[in-house]
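Okay, thanks for having me, everyone. Let's get the picture up on the screen and walk through it together.

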Amino acid sequence: MSTASLSPTTGHVSVSRPNVVAVGTIVWLGSEVMFFAGLFAIYFTLRASSPELWAEQTAKLNFPYALTNTLILVASSFTAQFGVFAAERLQSRRTSWNPSRWGMIEWFYLSYALGAIFVAGQVYEYAKLVSEGVMFNGDAYGTAFYITTGFHGLHVTGGLIAFLLVIGRAYSVKHFGHKEATSSIVVSYYWHFVDVVWIALFLVIYVLK
Amino acid sequence: MKSNIVFLTVFAVFFALASAVYTVWNYLAEGKIEIVGTVAIGLSAILAAFIGFFLNLVNRSQGGILLPEDRDADIDDADPELGHFSPWSWWPFMIGVGLFLVFLGLAVGIWVMFIGVPFVLISIVGWVYEYYRGNFGH
């Protein structure tokens, strides 16, 4: 039984309802903030307990290399956003090679490539650091370094898979509609979040040391 | 949604203040900053501000109109679209089984992961494309 008034005060107004997928994604990303809060807390606690170790081990970090890698990841956020603009005008494919006429697919491929370069760059950086004696099972610094950047790297890898999945969705439909656009947009939310987390990690690990 | 935004803003301000008080108090009492609490409480402020900020954007983009179901309807009236949830899909279960094998592999031996990872990948693809193929192709 309904207790609602039979004659609502306003007549037929068309209301646009919030997109629950987008809101749900943001709430989930809020929980991810707290996940990374734990990682930052680990890093800072270990750092406060052994400053000499930090001074010794952070000297091995290659700042220009990490900065380049960071800029690549930040660039991928911008290309992902251009993909979102394309998705919002429901354009999945390019109409010419001119980037202003690219669709979501092209921009997301580009973002994927940039993100993949970032992950590959991290793998190389890890290999180099291990050869210089910064090890996951070596000391507190190694643990803190690899667990923070490693969990971030796993998130980036997950984002790369998500890019491929939404690109596949765009290919599999005849008409790129709002449902497909929504999945592209929430993947970009995730990507921006991961990007912002990396900027924080970069500042903490490579700048603040 | 208005009240959600107000609540989240209040939380954000509260946690920001609490983080500052916590930091200063620790410094006065112990002579050093206790970083775990500062980071955790500070990022709680960011958590609340982040969701509040997004809801504010959503509220603005839909014109700040109070939805009929928020105004005078029962929950089961004027059901808004809550999203698309498959009533019969087995894929989430398959993803669960795959992830179980992956984490089991972390615990008992890496070789279990070699079985689990392809399971997860196949299940995720199956889940994401369940409504994009066969009968549901569009």
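So, to start: what volume does the largest pocket have? About 2,000 Å³. This is a predicted model, so local features need pLDDT of at least 70 and side-chain atom pairs count only at pLDDT 80 or more, while totals for chains, interfaces and linings use all residues. As for bookkeeping, residues are numbered from 1 along each chain as its sequence is written, chains are lettered from A and ligands numbered from 1 in the order in which they are written, and side-chain values use heavy atoms, with hydrogens and water left out.

How do you find a pocket? Rolling a probe the size of a water molecule over the atoms shows where empty space is left. Here, a pocket is an open set of points on a 1 Å grid over the protein atoms alone, where a 1.4 Å probe fits, with protein on both sides within 12 Å along at least five of seven lines; lining residues have an atom within 4 Å of a point. Points are joined across faces, edges and corners, and the volume is the space filled by probe spheres set on them.

This one has 49 lining residues, and A:A162, A:L165, B:I124, B:W127 and B:V128 lie nearest its centre. The largest share, ten residues, comes from α5 of chain A. By type, the lining divides into 31 nonpolar, twelve polar and six charged residues. Charged means Asp, Glu, Lys and Arg; nonpolar means Ala, Val, Leu, Ile, Met, Phe, Trp, Tyr, Cys and Pro; the others, Gly among them, are polar.

Now look at A:R169, in helix α5 (residues 140-172) of chain A. Helices are DSSP runs of H or I, at least four residues, and strands are runs of E, at least two, numbered from the N terminus. Is A:R169 buried or exposed? Buried, yet without a salt bridge: A:E180, the nearest side chain of opposite charge, is 6.3 Å away. Buried means under 20% relative accessible area, exposed over 50%, partly exposed in between (1.4 Å probe, protein chains only). Lys and Arg count as positive, Asp and Glu as negative, and His and the chain ends are not counted. A salt bridge needs a Lys or Arg side-chain nitrogen within 4 Å of a carboxyl oxygen of Asp or Glu.

Last stop, chain B: five helices, zero strands. Of its 138 residues, 29% are buried.
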